[in-house]
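I opened a new model today and kept notes as I looked things up. Here they are, in the order I made them.

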Amino acid sequence: NRYKHALGLKAAEVDEVPNIENGISTMKYDGELNLAFLDDGVVTFANRYSRLRIEMEAGEEIAEAFKDCGNCTLAGELYAVGENGTKLTLGEVMHRIKNPHNEEEEASIRFGAFDILRMNGENWNADYL
């Protein structure tokens, strides 16, 4: 926050992620830390309280993206977005993740991967790019 203040930055005002040469950068949304386990085309999300979630659209997208990779474990966050991808308050994000009230709220849940932990039973240590 000290650096944000010095630079005049507010996280809520950041709409685009700068392109960093030879690097990877992503927008950070507030959400719930989870591991995503892909096994035989099915993704199970698990948080630190051992809550398991399956059959989520975010899991289907992971399964599609990693379909040629066998099984894998990703670390990241479940988060939710508002209409047209707008940012939500942390309270609304957590409400949607924990107990979505309708299909629209459930469809608004995303998974932001921070790290690949395992791929095909092996610890991941390859270049992300």
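This is a predicted model: local features need pLDDT of at least 70, side-chain atom pairs count only at pLDDT 80 or more; totals for chains, interfaces and linings use all residues.

**Strands and sheet**

I began with strand 1 and strand 2, which pair in the antiparallel sense over 6 bridges. Two strands count as paired here if DSSP finds at least two bridges between them. Helices (H or I, at least four residues) and strands (E, at least two) are DSSP runs, numbered from the N terminus.

Residues are numbered from 1 along each chain as its sequence is written, and side-chain values use heavy atoms, with hydrogens and water left out.

I found Asn34 standing opposite Asn47 in strand 2. Strand 1 and strand 2 form a hairpin with 2 residues between them, and Asp40 in the turn has a positive phi of about 55 degrees.

Next I followed the chain into strand 3. Strand 2 and strand 3 run antiparallel and are joined by 2 bridges. Phe45 stands opposite Arg53 in strand 3. The hairpin of these strands has 4 residues between them, and there Ser50 takes a positive phi near 65 degrees.

Then I stepped back: in what order do the strands sit in the sheet? I read off 3-2-1-4-5-6 for the 6 strands of an open sheet, with antiparallel pairing. Strand 3 and strand 6 (122-123) are at the edges with a single partner strand each, so one side of each has no neighbour in the sheet. I checked the strand 6 end too: strand 5 and strand 6 pair in the antiparallel sense over 2 bridges. Met119 has Glu122 in strand 6 as its bridge partner.

**Helices across the sheet**

I looked up helix 2 (residues 57-65) and saw that it lies across strand 1, strand 2, strand 4 (72-80) and strand 5. Helix 2 runs at about 125 degrees to strand 2. For such angles, axes are lines fitted to C-alpha atoms, for helices over the stretch in contact, and the angles run from 0 to 180 degrees between N-to-C directions. Contact means heavy atoms within 4.5 Å.

Helix 3 lies across strand 1, strand 3, strand 4 and strand 5. I noted its angle to strand 4 as about 125 degrees.

**Salt bridges**

How many salt bridges does the structure hold? I count 3, a salt bridge being a side-chain nitrogen of Lys or Arg within 4 Å of a carboxyl oxygen of Asp or Glu.

One of them joins the side chains of Arg53 and Glu32, at 2.7 Å from N to O. Arg53 is in strand 3 (residues 52-53) and Glu32 in strand 1 (residues 32-39), so this pair ties together parts that are 21 residues apart in sequence. I checked accessibility as well, and both Arg53 and Glu32 are buried. Buried means under 20% relative accessible area, exposed over 50%, and partly exposed in between (1.4 Å probe, protein chains only).

Lys67 and Glu64 also meet in a salt bridge through their side chains (2.9 Å, N to O). Lys67 counts as exposed because its relative accessibility is 52%, whereas Glu64 is partly exposed at 48%.

Arg96 forms a salt bridge with Glu92, with the closest N and O atoms 2.8 Å apart. The two are 4 residues apart in helix 3 (residues 90-98), which means about one helical turn separates them.

**A closer look at Arg96**

Is Arg96 buried or exposed? I have it as buried, with a relative accessible area of 11%, while Glu92 is partly exposed at 26%. The side chain of Arg96 also makes a polar contact with the side chain of Ser108 (3.0 Å). A polar contact is a pair of N or O atoms within 3.5 Å; within protein, one must be able to donate a hydrogen and the other to accept it, and residues adjacent in sequence count only if both atoms are side-chain atoms. Leaving out residues up to four places away in sequence, Arg96 touches Ala80, Val81, Gly82, Leu88, Glu105, Ser108 and Ile109.

**Aromatic rings**

Rings of Phe, Tyr and Trp (its six-membered ring) pair if their centres lie within 6.5 Å; planes under 30 degrees apart count as stacked, over 60 as edge-to-face and the rest as tilted. Phe45 and Phe111 form this tilted pair, 5.2 Å centre to centre with 50 degrees between the planes. Phe45 lies in strand 2 (residues 42-47) and Phe111 in strand 5 (residues 109-119), so the pair ties together parts that are 66 residues apart in sequence. I noted both Phe45 and Phe111 as buried.
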